[in-house]
Amino acid sequence: MSLMENTGARKISACEDPLTVTYIILKHAAEEHRHAFYLKKQIEKVEGCPCPTYEHDYLLAPAQSRFYLNQLDIAVCRYLKNELGLNGKDLRFAAYLLVTYAIEVRADELYPVYQQALEKAGSKVNVKSIILEEEGHLEEMISQLKSFSENWELHAGKAVEFESRLFANWVEALETELTLQ
């Protein structure tokens, strides 16, 4: 999860326009970086679970984990090029909106389940602050998507569809790896 939060933060920063970057984008990137940091710090508390970097040997399902967001970004960019004819700065911003929307939908589903698992395990770690921020991110994305297109729900639905397939592949890879351990 830390890797994915970090990847998301870096992707947000990469799509920033140096002149027209908004407060919302800066805030979102900063919060995603903070989530990555927090989750990484929590891993250090788990005995017998060294994870000093995001190198291959320290990750579960490393290929799927590393390329999850990149594959989503590629699928959304192809869709936006084919369906809306976007390119350049417009393509980067639209992809940011749709990819982020799909990821925030997933985060709103995944983090509460993660929190419940932590509580059930009696862990001192919690992700409640991340849950609150991810809920805020989803609201911000919906607001921006409404300004982007009157058909935002159609486009957002496609992004969620792409993400759902990638998520299923990621979960399958995790299950396979954990079964082999």
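The following legends describe close-up views of a predicted model.

**View 1. The largest pocket of the predicted model and the helices that line it.**
The largest pocket has a volume of about 970 Å³, and 32 residues line it, of which Met-1, Ser-2, Ile-43, Leu-60 and Tyr-114 lie nearest its centre. Four helices, α1 (2–15), α2 (23–43), α4 (88–120) and α6 (152–180), each contribute at least two residues to this lining, and the largest share, seven residues, is supplied by α6. Sorted by class, the lining of the largest pocket comprises 22 nonpolar, five polar and five charged residues.

**View 2. The second largest pocket and its lining.**
For the second largest pocket the volume is about 480 Å³, and the lining is made up of 28 residues, with Gly-8, Lys-11, Leu-69, Val-99 and Ile-103 lying nearest the centre. Helices α1, α2, α3 (62–84), α4 and α6 each provide at least two residues of this lining, to which α4 gives the most, with 11 residues. By class, 17 nonpolar, three polar and eight charged residues line the second largest pocket.

**View 3. Tyr-68 and Trp-170, one of the aromatic pairs.**
The structure holds six aromatic pairs. In the pair formed by Tyr-68 and Trp-170, the ring centres are 6.0 Å apart and the planes stand at 50°, so the pair is classed as tilted. Because Tyr-68 belongs to helix α3 and Trp-170 to helix α6, the pair ties together parts that are 102 residues apart in sequence.

**View 4. The edge-to-face pair of Tyr-79 and Phe-162.**
The rings of Tyr-79 and Phe-162 are 6.2 Å apart from centre to centre, with 70° between their planes, and the pair is edge-to-face.

**View 5. Arg-106 over the ring of Phe-167.**
Arg-106, a residue of helix α4, has its charged end over the ring of Phe-167, at 3.7 Å from the ring centre. The relative accessibility of Arg-106 is 11%, which is under the 20% limit, so this residue counts as buried. When its neighbours within four places in sequence are left aside, Arg-106 is in contact with Tyr-68, Glu-163, Ser-164 and Phe-167.

**View 6. Lys-40 over the face of Tyr-54.**
A further view of a charge over a ring shows Lys-40, which lies over the face of Tyr-54 at 4.8 Å from the ring centre.

**View 7. Ala-61 and its positive phi.**
Most residues other than glycine have a negative phi. Ala-61, although not a glycine, has a positive phi of about 45°. This residue lies in the loop between α2 and α3, and with a relative accessible area of 3% Ala-61 is buried.

Notes. Residues numbered from 1 in each chain as written. Predicted model: local features only at pLDDT ≥ 70, side-chain atom pairs only at ≥ 80, totals over all residues. Heavy atoms only, no water. 1 Å grid on protein atoms, 1.4 Å probe; cavity = no way out; pocket = protein on both sides within 12 Å on 5 of 7 lines; lining within 4 Å. Points joined across faces, edges and corners; volume = space filled by probe spheres on them. Nonpolar A, V, L, I, M, F, W, Y, C, P; charged D, E, K, R; others polar. Phe/Tyr/Trp six-rings, centres within 6.5 Å; stacked < 30°, edge-to-face > 60°. Lys NZ or Arg CZ within 6 Å of the ring centre and 35° of its normal. Buried < 20%, exposed > 50% of the residue type's maximum accessible area, 1.4 Å probe, protein only. Contact = heavy atoms within 4.5 Å.
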